[in-house]
Amino acid sequence: MKVAVCVKFPCGEINPFDACALEAALSLPDADITLVSMSPLKVMTAFKELSRYDKVSRAILLCDPLFAGSDTLATSYVLSLLLKRISPDMVFFGSRSVDSDTAQVPAQTAQRLGYSFYPFVMRFSGSRVVTREGEFSLSLPAALSFERINVLRFPSFRAKPKEVEILSASDLNADISRTGLKGSPTEVVNYVRTEGKIRKCRFIDKEEFFPLVERLKNVRKKRFEIRESAEKTDLALAIGAGAEAYAQAIAKKVISFPFLSAEETKVKTEEYSPKAVIFASSPENKTVAAFAAAKMGLGLCADCTSLRTQNGEIIATRPVNSGRDYADIICKTSPLLATVLSFDDSDGIIVSGGRGCEKETVIKFADKLNAKICCSRAAVDDGKFPYDCQVGLTGKAVAPDVYIALGISGAVQHTCGMENSGTVIAVNPDKNARIFEFADYGVLDKAENLL
Ligand SMILES: Cc1cc2nc3c(=O)[nH]c(=O)nc-3n(C[C@H](O)[C@H](O)[C@H](O)COP(=O)(O)OP(=O)(O)OC[C@H]3O[C@@H](n4cnc5c(N)ncnc54)[C@H](O)[C@@H]3O)c2cc1C
């Protein structure tokens, strides 16, 4: 079984999601693995180290100054040139990268190769996969993107690194107008550093908790709002619930669809010639948008939190650097394709459970307060709640009147999804937990002790 594993080194080390993809490949008894990385020469030591695994027969570094600054479309173009030559049965990716998290390259590469695509793999047995969408038999050739489902083993003590082959743009016969910064339809034009929306937390006794929530539940605070652009473009297509509000903010006319496939998106784009095509950012739409972008050769801005029009140009803003900062992105191709973080701006109370809180405790709080349940990613990974409930960078954004965080530490990837809530109350016995910086009220106790 020929398997290509594509890896990146965002902080000098292998991207943790790519490490899971490599481990999945190593778990196949008959795997003949080619490691592929499109990276600068400085990753050579880390890359060579990965070539020590017995099942890795080739390690290929795609390295050329002409690749520098490639966005996802340009990256998938270069990767697909190499992969077409190797023609593996399966191509493995990490589902996302810890530095940018757009999750587009696997889908776009699969589209260019014409492979079946299985995104967000949570279980893998060689012939069957469980993804966020359900369980499937693999239809080969296939591209798969892996969640953090395993731990990369160590290579054998005696194993020696292999020779790394370095290929340039000319070795691949790449069209250099489609690589690097010049060949990338999206461009970051501005970076905004942010420490998020820090609040001043007032600590209360556990007995005060339920009376406080009772008082707050009817208080309406100004929460997240999508700002209207002063200047508007002519027409935008909105696909999926949550996309329409963003489209209306930048376009005079909006045509909405509950769902479109990548092919249907292409057809509708040709039919209506919109200035923007905006997808609500569900896992399914992320793949569809990436496929549609690759099909049409258009730039795609992923997981945007705002869109605006300025001097005739649409500017998309998205969290980067794991949600710590924001980047303004423009698209050199038209229409602009974007996935937008859908805001669940429901009134009322959300009780959100983390790794530190039992599922039953979260349910008891929610029942008592007549609240909706959400959770952190750790709670999804632990199997406590479904992915639909996940708040944060790779889940959904919420802005209820009251957000109650039970057993959540407050990682930046979580807080960027709840920081627009009206009032935030955190319950956690650790007074140094970061969640208290994003809370108006805090209870220093175990969640179950409040019931
Ligand atoms: C690319 C990327 C994307 C990510 N996307 C997301 C995302 O969308 N959403 C998200 O949430 N995370 C996301 N993460 C993961 C994030 O970094 C954190 O790992 C995660 O949010 C931690 O979840 P947690 O707070 O539930 O668990 P932990 O960090 O383990 O915190 C558990 C907390 O519970 C407290 N506790 C323990 N016992 C009790 C008790 N009895 N009662 C009350 N409190 C208790 C502890 O003091 C601790 O603070 C992402 C990470 C990466 C790298």
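Before you click, note that the model is predicted: local features need pLDDT of at least 70 and side-chain atom pairs count only at pLDDT 80 or more, while totals for chains, interfaces and linings use all residues. Residues are numbered from 1 along each chain as its sequence is written, and side-chain values use heavy atoms, with hydrogens and water left out.

**Stop 1: a tilted pair**

Searching the whole structure turns up 10 aromatic pairs. Here, rings of Phe, Tyr and Trp (its six-membered ring) pair if their centres lie within 6.5 Å; planes under 30 degrees apart are stacked, over 60 edge-to-face, and the rest tilted.

Select Tyr118 and Phe136. Their ring centres are 6.2 Å apart and the planes meet at 55°, so this pair is tilted. Tyr118 belongs to strand S5 (residues 116-124) and Phe136 to strand S7 (residues 134-137), 18 residues apart. Helices (H or I, at least four residues) and strands (E, at least two) are DSSP runs, numbered from the N terminus.

Are these two buried or partly exposed? Tyr118 is buried at 9% relative accessibility, whereas Phe136 is partly exposed at 32%. (Buried is under 20% relative accessible area, exposed over 50%, partly exposed in between, with a 1.4 Å probe and protein chains only.)

**Stop 2: a stacked pair**

Now pick Phe210 and Phe365, a stacked pair with 5.7 Å between centres and 25° between planes. Phe210 is in helix H5 (residues 209-216) and Phe365 in helix H9 (residues 359-369), so the pair ties together parts 155 residues apart in sequence. Phe365 is buried at 0%, and Phe210 is buried too, at 18%.

**Stop 3**

Show S21 (residues 349-353) and S22 (residues 372-375), which pair in the parallel sense over 4 bridges; pairing needs at least two DSSP bridges. Ile350 stands opposite Lys372 in S22.

**Stop 4: the ligand**

Which residues are closest to the ligand? Of the 27 surrounding it, they are Arg355, Ser376, Thr394, Ser409 and Gln413; surrounding residues have a heavy atom within 4 Å.

Finally, look at ligand oxygen atoms. One lies 2.9 Å from a backbone N or O atom of Arg377. For side-chain N or O atoms, the distance to a ligand oxygen is 2.9 Å at His414 and 2.8 Å at Asn428.

Methods
A polar contact is a pair of N or O atoms within 3.5 Å; within protein, one must be able to donate a hydrogen and the other to accept it, and residues adjacent in sequence count only if both atoms are side-chain atoms.
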